[in-house]
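My entries follow in the order I made them.

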Amino acid sequence: GVACDLTQMRQERIEYLEQLGAAEPSEAAPRVGEGRSHSGRRTPRVDLVQGPGARVRLRYTKLLRAVYTSHLDMIRLLARVFRRARLSVIYTQGFHPKPAFSFGPAWSLGAPSLGELCEVKIEDPCSASELVARLNQVTPEGLCFVGASWLAESEASLAHKGVLFIDELPE
């Protein structure tokens, strides 16, 4: 809807590129860490150097103001909590690496909870009580970690286990 002369704008850009000596694309080799996608465009390749890590299942409570934190916001918040506690979380492999978290079923917004669950894979395992203490030092008001248990690789994750009953929660 705006009356503008795109041919004039194009010509001005070509003139600027010629002044800079960049009118023709250079045949530079791809930089380190770049690959080629199927479409021929350059795509960044992320190579994370991380150990195998160990999985831990955490139980936490959401009370007070934390009950108004949605499930998706809680996912982002827990990633920040681990960074603040200086715990090295294992990241997923792929184009967009993300912290390797697994969560139990989403809880209703505004409802307090005494038994939320999450699993995370971390690089430097420590004792369960030390882990809970480090996390509780940096959590916001209303969020409190109450238990942790280290898991074997063969044990099913929360995403595959389904709804857990109160008897199955870690202490």
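Is R55 buried or exposed? I looked up its relative accessible area, which is 11%, so R55 is buried. I note here that the model is a predicted one.

**Entry 1: salt bridges**

I found three salt bridges in the structure. In one of them E119 pairs with R55, and their closest N and O atoms are 3.4 Å apart. E119 belongs to strand β5 and R55 to strand β3, so this pair ties together parts that lie 64 residues apart in sequence. I then checked the cover on E119: its relative accessibility is 3%, and because buried means under 20%, E119 counts as buried.

E119 also forms a salt bridge with R57, at 2.5 Å from N to O. R57 lies in strand β3 and E119 in strand β5, so here the parts tied together are 62 residues apart in sequence. I checked R57 as well, and R57 is buried, as is E119.

Next I looked at R76 and D73, whose side chains meet in a salt bridge with an N to O distance of 2.6 Å. Both residues lie in helix α2, three residues apart, which is about one turn of the helix. I recall that an α-helix has 3.6 residues a turn, so residues three or four places apart point the same way. R76 has a relative accessible area of 48% and is partly exposed. D73, at 38% relative accessibility, also counts as partly exposed. Going back to the shared partners, I noted that salt bridges join R55, R57 and E119 into one network.

**Entry 2: helix α2**

How far apart are the end C-alpha atoms of α2? I read 20 Å, which agrees with the 20 Å that its 14 residues should span at 1.5 Å a residue. After the helix comes R86, and I noted that its phi is positive, near 55°.

Which residues of α2 are buried? I listed M74, L77, L78, A79, V81 and F82. I then looked up what covers them: β3, β4 (101–103), β5 (113–122), α3 (128–137) and β6 (143–151) are included.

**Entry 3: the nonpolar core**

I looked up the largest nonpolar core, which has 24 residues. Those with the most contacts inside this core are L58, L78, F82, L131 and L135. At least two residues of the core come from each of β3, α2, β4, β5, α3 and β6. The largest share is that of α2, with six residues. For general background I wrote down that nonpolar side chains tend to be buried together in soluble globular proteins.

What does L135 touch, leaving out residues up to four places away in sequence? My list is L58, V81, F82, A85, L87 and F145.

**Entry 4: a surface patch**

Last, I looked at nonpolar side chains on the surface. L63, L64 and L114 form a nonpolar patch there, with about 300 Å² of accessible area together. I located L63 in the loop between β3 (54–62) and α2 (71–84).

Terms used
Residues numbered from 1 in each chain as written. Predicted model: local features only at pLDDT ≥ 70, side-chain atom pairs only at ≥ 80, totals over all residues. Heavy atoms only, no water. Patch = residues over 30% accessible without salt bridge, like charges linked within 9 Å, V, L, I, M, F, W, Y side chains within 5 Å. Areas by Shrake-Rupley, 256 points an atom, 1.4 Å probe, with all protein chains shown as cover. Salt bridge = Lys/Arg side-chain N within 4 Å of Asp/Glu carboxyl O. Helix = DSSP H or I, 4+ residues; strand = E, 2+ residues; numbered from the N terminus. Expected span 1.5 Å × (residues − 1). Buried < 20%, exposed > 50% of the residue type's maximum accessible area, 1.4 Å probe, protein only. Contact = heavy atoms within 4.5 Å. Core = buried A, V, L, I, M, F, W, Y, C linked by side-chain atoms within 4.5 Å.
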